[in-house]
Amino acid sequence: MNNPHSQSDKKAIIIGAGPAGLTAAYELLKRTGITPIILEKSGDIGGISKTINYKGNRMDIGGHRFFSKSDRVMNWWQNIMPPQQEAGSAFTIQYQNKSREVNAAITPTDPDKVMLVRKRLSRIYFLRKFFTYPITLSIETLRKLGVGRTIAILFSYLKAQIFPRKPEKSLEDFMINRFGNTLYELFFRDYTEKVWGVPCHEISAEWGAQRIKGVSIRKAIQHAVQEITRKKKKTGDISQKDTETSLIEQFLYPKFGPGQLWEEVARQVQEMGGIIHMHHDVKQIHTFNNKVSAITAVNKKTGEEILLEGDYFFSTMPVKELVAGIQGNVPLEVQEIAAGLQYRDFITVGVLLKRLTHKDMEDTWIYIQEREVTVGRLQLFNNWSPFMVKDPNTVWVGMEFFCNETDAFWKLPDKEIAALAILELEKIGLADAADVLDSTVLRVEKTYPAYFGAYERFDEVRAFTDQIENLFLVGRNGMHKYNNADHSMLTAMVAVDNIAAGITSKENIWSINTEQEYHEEKQEGAVPVETKSNISLKDYIFKQPENRPYVWTAVIGLLVQLLFFKYWYPFASYINGDSYAYLETAYFNLDINTYPVGYSMFLRLFSVFTHSDKALVIFQYLLLQSSILSLVFTLFHFYNPAKFTRIGLFGFMLFNPVFLYLANYVSSDTLFLSLSIMWFTSLIWIVYRPTTRLMVFHGLVLFLAFTIRYNAMFYPLIAGVAFLLSRRRYLLKIAGLAICVLLIGSFILYNTSKYNELAGIRQFTPFTGWQMANNAMYAYKFVPKAERKPTPARFQKLDKMVRDYFDSTRNNRMHPEEELVASTIYMWTPNAPLRMYMHQQFKKDSTAPEMKRWAAVAPLYKDYGTFLIKTYPAAFLKYYLFPNALKYYAPPVEFLESYSTGVDSVHPIAQNWFAYKSNKLTTIFKDFKVNILDFYPILVGTMNVIFFLGMLSFLVLEGYKQHRMMGKGLLLVVCLWLVNFGFSVFASPIALRFQLFPIIVMTSFAFLFMGFIIAEASKKEEK
């Protein structure tokens, strides 16, 4: 490092008394022996960070929040102007996993020279409504935007995440990639074009990279969730290093505006020996031998010209004017580029009001999005600091207009500009002209360096100025870089660092705000990501960068779908019979009932936390989607499909309306489906990455699924295949299967003993007997009388009732239910023979509970159904199995075709359980019909075809040789499909809600097979 004493006779000429120029002077005086001489063109200190005093009312040009992620800047500010004592005894500043306290309890030497801690509130005014800035997908925002706009925003954002614009050249590209086209057009395009006066596609993406970097829908939602869930400490981190620039919520602010701080810095600079020449306009920069030797400036008041020689030169003047003033050999191209650099100028109209039309507005900034007015932004100076306003009973508003010096608007007289501003303030409904007390107009040139025009060749200008060894370009206009004040200060600090250390390179100065520690992409403290080969499912989902868009899309998609669905259907749905049986079992805490008790136990457990039907539906939906997406990410992890396959599969599962309608039912369907998918996902992991813990988890999930629905009875067969395919010792495989058998066996024994106590007959479930008889009857009714064979004596009474029923219901017009094929009407219709026979058996015992009656006749029904199937196998095949198999190919929507099965009221037990005020269900729609699911049978049939064709292609093309892992998965899926087909077609009538599990698995692999086929076709084309 250079010795400060060796620099005591050296001078630094600094052009401009704004934040960068004053910081450079202060740092030089504190850290070197160099004497700074500042030349300021205007009569004000602070540049565009100055404060204008108009009749005791102060104006902040553009608004300056004093916050920074740079500790160096934060400390610098507080050293010049400490926080107000009343702000608290200390603030905790946290950074890079470190923390320290900044003492704010010391009373400042001057009580007016203090920083206030101010709350930041910025909002967008659009459609005559206020929206949070930045936009967050809150319920309030969705309500204000409306359903149509919100859906458009969602899909537009998803499109942008999946198909981003590349390369990202323009500001339009930058914004659409982060917000989606719809949100960009609603909230960003018009305002940005007001600011710059040119279309966004003509502005460089670099502007966005510096001004709104790190802000996006994803970040905004993340920030909102963190703010909701995070416990806020009494001592706040005013540096806010973990908050994106446009999301800062708290900042420091000088008591009398930003100019007060810079005036204090100027005072201290002069006190330490620095020199400041006001009203001095730099006209010429003299250079010799790649160095600046002197500067010629003119006193604007006297016209006197001065020549100042120096050793170091700092420029914060516009690059356009700097290059034009350089006396020496400047390449023609550099001159042309610099002359072509553009700027945006700025007019602030201060309007003093008695009041605003909206009361209690706490905004610092309000972005005006309305197209019919030219004003771009409002400042409410009262909210920046109450000391900015002379009379606290008035409202001091700054109306910001963006324009160019050459515009007709700029050249208008002050009175006309003020009149237009007041008219627009009234037009947008924020104030009345009658409440205006006073106004003033302030013009500021070259406020914003523009990222269009000749800027695309700015690197050539930079290369030229960088070779001038003792010339340092710092600050916003000095570097033609849209810096914040803290960025500008850092450029000056780093320039002084270089001088003190003898560093001649300017690279580290230009790197400020591109950016290192200051910005959001932090490298330090990042959690190392495991390699994919060893990573867990959780870490793969949440720590792999390629999955982040999917995760955030899922979060947004799920929340938005839920919001709209529950707005459309505010109540849960009910299946007459099923839902109320589950609630009855839960309400009376029964050990057994018509259906397995697992779901009822879940309802009882859930009621410990809440009886809200909305909470139940939301939980069911999120559990279901979590299990489905876990399966999807598992397939991504092990099979690594192409991007278009990932997008297609992910989108199909995430935005699938059937899951919402299913989850809305108080029924075991959703919980069973969720557990089934968890079970199958665990099998895939067992095949490829088996662990003891995973095998235990698999056994528990299988057991829970079995307690909810007995369809899980065949799951151990599939599990056996997966265990055989896994790379574990046979003893562990046997132990894993033994866990399943032990848990399920214990539940079967428990159920059997309970039914034995109830009805005196040992049976696992009466449902089997009833279902067997029901299924057989669908074939038996088509057997001609002449072909009927003798019935055993124990079935004769029941058989006569069945035959009489069929004879009396042959007229389908009078009995339309008889037109149904392979259904369950014989189990539940009160006048059907199975029900009638049951009640006849208990004529003498009218007090017998329904469950006892149901269980008592079940063994007989099971035997009767078995007899009919064995006696008439051809009829059973033709009239039950074949129609049911067709349903398996394209399962009917069944109860899901209507909201709450089309019934607009609930039973008393549901009203009591969920504490409904009324037994009536409502929806915003005219009727309960659900049309969106009508195409599902066709969709499922199509996916079946695609699955089989894809599987055949995979086998014919020997895909199993190239993708050995997928070969094992294919074997598992085929086993599931075959066993489920056999069980489902024979055991019970097919319906969409019962078959969603195999449909989801089959569809997932259909996507994988199609991806493989497309990849193979692409390879052949390349050859």
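Me: Which residues in α22 do Ala581, Tyr582, Leu583, Thr585, Ala586 and Tyr587 in α21 meet?

Reply: This is a predicted model, in which local features need pLDDT of at least 70 and side-chain atom pairs count only at pLDDT 80 or more, while totals for chains, interfaces and linings use all residues. Residues are numbered from 1 along each chain as its sequence is written, and side-chain values use heavy atoms, with hydrogens and water left out. Helices (H or I, at least four residues) and strands (E, at least two) are DSSP runs numbered from the N terminus, and contact means heavy atoms within 4.5 Å. The partners in α22 are Tyr599, Ser600, Met601, Leu603 and Arg604.

Me: By class, which residues has the contact of α21 with α22?

Reply: Ala, Val, Leu, Ile, Met, Phe, Trp, Tyr, Cys and Pro count as nonpolar, Asp, Glu, Lys and Arg as charged, and the others, Gly among them, as polar. On that basis, the contact of α21 with α22 has eight nonpolar, two polar and one charged residues.

Me: At what angle do α21 and α22 pack?

Reply: Axes are lines fitted to C-alpha atoms, for helices over the stretch in contact, and angles run from 0 to 180 degrees between N-to-C directions. For α21 (residues 578–588) and α22 (residues 598–606), the axes are 8 Å apart and the angle is about 60°. That makes α21 oblique to α22, since angles under 35 degrees count as roughly parallel, over 145 as roughly antiparallel, 65 to 115 as roughly perpendicular and the rest as oblique. The angle asked for is therefore about 60°.

Me: How many aromatic pairs does a search of the whole structure find?

Reply: Rings of Phe, Tyr and Trp (its six-membered ring) pair if their centres lie within 6.5 Å, with planes under 30 degrees apart counting as stacked, over 60 as edge-to-face and the rest as tilted. By this rule, the number of aromatic pairs found is 99.

Me: How many residues apart in sequence are the parts that tryptophan 828 and tryptophan 854 tie together?

Reply: These two form a stacked aromatic pair, 5.5 Å centre to centre with 10° between the planes. Because tryptophan 828 lies in helix α32 (residues 825–828) and tryptophan 854 in helix α34 (residues 850–871), the parts that the pair ties together are apart in sequence by 26 residues.

Me: Is tryptophan 854 buried or exposed?

Reply: Buried means under 20% relative accessible area, exposed over 50%, and partly exposed in between (1.4 Å probe, protein chains only). Tryptophan 828, at 33%, counts as partly exposed. Tryptophan 854 has a relative accessible area of 2%, so this residue is buried.

Me: Where is proline 167 found?

Reply: The peptide bond leading from lysine 166 to proline 167 is cis, with omega near -5°. Proline 167 is found in the loop between α4 (147–162) and α5 (171–179).

Me: Is alanine 822 buried or exposed?

Reply: Phi of alanine 822 is near 50°, a positive value in a residue other than glycine, and this alanine lies in the loop between α31 (793–808) and α32. Its relative accessibility is 0%, so alanine 822 counts as buried.

Me: Which residues is glutamate 370 in contact with, leaving aside its neighbours within four places in sequence?

Reply: Glutamate 370 is found in the loop between β18 (365–368) and β19 (377–380), and at 5% relative accessibility it counts as buried. With those neighbours within four places in sequence left aside, its contacts are Tyr125, Phe126, Leu127, Arg128, Lys194 and Ile428.
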